[in-house]
Amino acid sequence: MKNNKSFYITTTLPYINAEPHIGFAMEIIRADALARYKALTGHDVFFNTGTDEHGKKIWESAQKEGMETQAFTDKLSQRFKLLKDTLDLYDDVTFIRTTDEHHKKAAQEFWKLVDKNGYIYKKNYQAKYCVGCELEKTDSELVDGKCPIHPNRDLEIIEEENYFFKFSEFTQPLLDYYEVNKDFIRPDFRFEEIKSFVSGGLQDFSISRSKEKMPWGVPVPGDDEQVMYVWFDALVNYISTLGWPNSENFTKFWEEGQTVQIAGKDNLRQQSAMWQAMLMAAELPPTQTILINGFLNGPDGRKMSKSLGNVLSPDEVLALLPVDALRFYLVNEVSPFEDSPISLDLIKDAYTAHLVNGIGNLTNRIVKMASSYDVTVALPSPEEVWEDKEFVSPEFHDHMNNFVPQKSLQYLFKEIREMDTFITREEPFKKIKVDEEAAKEDVARLMINLWYIGVLLEPFMPEASEKIKQAVANKEVPAAPIFPRLA
Ligand SMILES: [Zn+2]
């Protein structure tokens with residue numbers, strides 16, 4: 001029985017050899033908004049993120065640095081752990097590392113189970129492999145002999161005896177699952193893309209490497225010569241984080257709760273086909289919903305790359321702007337599903353227009369009037385606001401429950417613009433001289449509206465939400481501006 005009061009959401013796990021990417025910041029901030037929303041509306045929430053730490057690239061880099069590999073990954077994973085503070089994430093977010101002992105044990109248990117069910121075998125083979133995608137590529141997928149997503153990388157030729165997962169046996173089970181779960185992948189055009197990929201027939205994929213060539217991995221159960229390669233290690237984190245195979249949390253969140261995964265479009269196949277087939281092979285329930293983000297490109301729409309000099313890191317943004325400016329931009333200004341441009345200038349413009357001159361300025365004006373006209377209002381508790389089905393449009397909740405936080409945030413900003421319009425039309429600052437009662441009523445109405453906005457902004461901009469609530473509750477213009485004007 002699905003218990004809709006338990007809510008599970010996970011990001012993908014970034015590979016730790018690169019700095020945190022702005023695209024990952026988008027993924028995790030959107031997941032954070034949904035996790036916070038579910039917690040605020042009375043759900044038990046399990047929010048998972050972390051780092052993928054095995055593989056050849058890490059092992060080689062550690063050797064170059066002259067460091068022990070585990071110590072090296074400890075250092076690198078720290079950069080991602082810091083995101084919890086720098087991106088102001090939900091307090092109870094779980095940070096899993098694929099080098100955690102309990103994860104490695106779970107990965108081995110998962111392997112054993114799938115093996116017992118007859119879906120793992122060993123064979124000699126030769127394949128072209130894109131290390132960028134961590135995927136084997138067939139000739140039909142290549143453009144000019146290169147991976148179209150990573151045209152600057154040479155493909156690796158692998159020739160060895162490895163274990164394989166019988167992915168090919170899951171063509172029909174996956175198509176059946178897609179058929180029954182009409183909203184499994186959002187958006188629709190990505191769902192169509194994966195359906196068409198699976199309908200084309202699936203190829204078994206390799207899931208181990210020889211330990212001799214690649215020692216930095218989880219040992220394959222019962223074979224000292226082989227370690228797991230990427231999938232049966234990395235993807236299993238989504239349930240090892242819950243304590244699988246033995247845990248109440250797995251039952252509560254994965255089996256009985258609502259499960260949501262969020263990923264970039266380059267992860268469509270891994271999350272919506274490979275991982276789902278692996279779950280089926282282990283006789284575990286598939287994920288219920290997968291959200292697929294587009295890419296963030298440079299301001300001219302070209303892909304971010306070092307050579308074009310258009311790479312933007314979360315740290316560069318946070319050095320100049322409050323974290324809520326970044327959170328706002330990545331939820332409100334970036335398309336939920338399509339590729340979108342991003343640059344420091346675009347973020348600054350949106351910040352000034354909607355936050356400094358928008359909600360920041362509006363808060364000051366309203367609170368100042370309430371204080372000088374001595375307006376008293378009774379404010380509902382935040383809990384009451386979250387439960388309020390009359391004052392808050394169902395539209396706001398529907399969009400969150402359909403996992404499109406952008407539309408809920410846009411709804412709040414439409415309300416904010418209407419409050420501005422109301423002030424311009426009613427002019428309470430003039431009215432106060434001729435009709436004190438009416439002016440006070442206007443301001444009281446604005447204060448209540450602002451309080452609701454302050455409360456409802458929490459999933460998106462937690463810091464600003466707190467400051468707006470305080471300003472309204474204390475009827476006091478904040479000593480430091482909520483959104484400082486840029487120099
Ligand atoms: Zn590639």
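Analyst: Strand β12, residues 258–264, is mostly covered, with five of its seven residues buried. A residue is buried if 20 or more other C-beta atoms lie within 10 Å of its own, exposed if 12 or fewer, and partly exposed in between, the C-beta atoms being placed from the backbone. Strands here are DSSP runs of E of at least two residues, and helices are runs of H or I of at least four, both numbered from the N terminus. The model is a predicted one: local features need pLDDT of at least 70, side-chain atom pairs count only at pLDDT 80 or more, and totals for chains, interfaces and linings use all residues. Residues are numbered from 1 along each chain as its sequence is written.

Now the neighbours of the strand. Two strands pair if DSSP finds at least two bridges between them. Strand β1 (residues 6–10) pairs with β12 in the parallel sense, over four bridges. In this pairing, Gln-261 of β12 stands opposite Thr-10. β12 also pairs with strand β13 (residues 289–293), again in the parallel sense, over five bridges. Here Gly-264 has Asn-293 of β13 as its bridge partner. β12 therefore has parallel pairings with both β1 and β13, under the rule of at least two bridges. As for side chains, in a regular strand they alternate between the two faces of the sheet.
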